[in-house]
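Dear colleague,

Please find below the structure that I am handing over to you.

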Amino acid sequence: MKNHVCLGAITGSYGVRGEVRIKSFCAEPSAIGDYGPLTLDDGSVRKLTIVRPVKGGYAVRLSGVPHKEAAEAMRGQRLWAHRDALPAPDDDEYYHSDLIGLTVLDTGGVELGRVHAIHDHGAGDLLEVRPRGGASILLPFTREVVPTVDIAAGRIVADPPHGLRPGEGDDLPEG
């Protein structure tokens, strides 16, 4: 989905009329319906109409979804908007898709890896950084840990807390 930004995901069906339950990833969750037709992972393009808020998201109608079975079959599909339909982010704001693939360097210029994904488990965003070899590390996406994001240069400068750098803690005794 190059040139697209993921705005949400279908979490299941809702009711018996073909409505789906979605989780919005937008800063203002109800704005998910403001960006025109959305593209699903399967390549289909659907018009989205919010019906009502529900626990954990919204019940919505997607064009071309006639019944509950069709809605349920869409579970897990992500909803994508073309990048041109979205507003430019403010200073110090980023679309997650802009961060994926950026090289992460420590403050001394040593490469830590590349951003593979951004996770949010409720306590703030975490950058999943994959080094060339070894296990991924998760860095809190805070100004303290990530003081510099330079999308134009394709890099992020990070100052990981002790124990989060690749290889650190490998010499600790088990237990």
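**Nonpolar cores**

In this predicted model, the largest nonpolar core consists of 20 residues. Those with the most contacts inside this core are Leu-7, Ile-10, Ile-22, Ile-32, Leu-48, Leu-62 and Leu-79. At least two core residues come from each of strand E1 (4-14), strand E2 (19-24), strand E3 (38-40), strand E6 (57-62) and strand E7 (78-82).

Leaving aside its neighbours within four places in sequence, Leu-79 is in contact with residues including Leu-7, Ile-10, Ile-22, Ile-32 and Leu-48. A second, separate core has 15 residues, among them Leu-102, Leu-139, Val-149 and Ile-156.

**The sheet**

Seven strands form an open sheet in the order E4-E3-E7-E1-E2-E6-E5, and their pairing is antiparallel. Strand E4 (45-46) and strand E5 (48-54) stand at the edges; each has a single partner strand, so one side of each is left without a neighbour in the sheet. E3 and E4 are joined by two bridges, and Thr-39 stands opposite Val-45 in E4.

**The largest pocket**

The volume of the largest pocket is about 1,300 Å³. Its lining is made up of 39 residues, of which Phe-25, Tyr-94, Tyr-95, His-96 and Asp-125 are the closest to the centre of the pocket. By type, the lining divides into 22 nonpolar, eight polar and nine charged residues. Elements that each supply at least two lining residues include E1, E2 and E7, together with helix H2 (96-99), strand E9 (111-120) and strand E12 (148-150).

Yours sincerely

Definitions and conventions: Residues numbered from 1 in each chain as written. Predicted model: local features only at pLDDT ≥ 70, side-chain atom pairs only at ≥ 80, totals over all residues. Heavy atoms only, no water. Core = buried A, V, L, I, M, F, W, Y, C linked by side-chain atoms within 4.5 Å. Buried < 20%, exposed > 50% of the residue type's maximum accessible area, 1.4 Å probe, protein only. Helix = DSSP H or I, 4+ residues; strand = E, 2+ residues; numbered from the N terminus. Contact = heavy atoms within 4.5 Å. 1 Å grid on protein atoms, 1.4 Å probe; cavity = no way out; pocket = protein on both sides within 12 Å on 5 of 7 lines; lining within 4 Å. Points joined across faces, edges and corners; volume = space filled by probe spheres on them. Nonpolar A, V, L, I, M, F, W, Y, C, P; charged D, E, K, R; others polar. Pairing = 2+ DSSP bridges.
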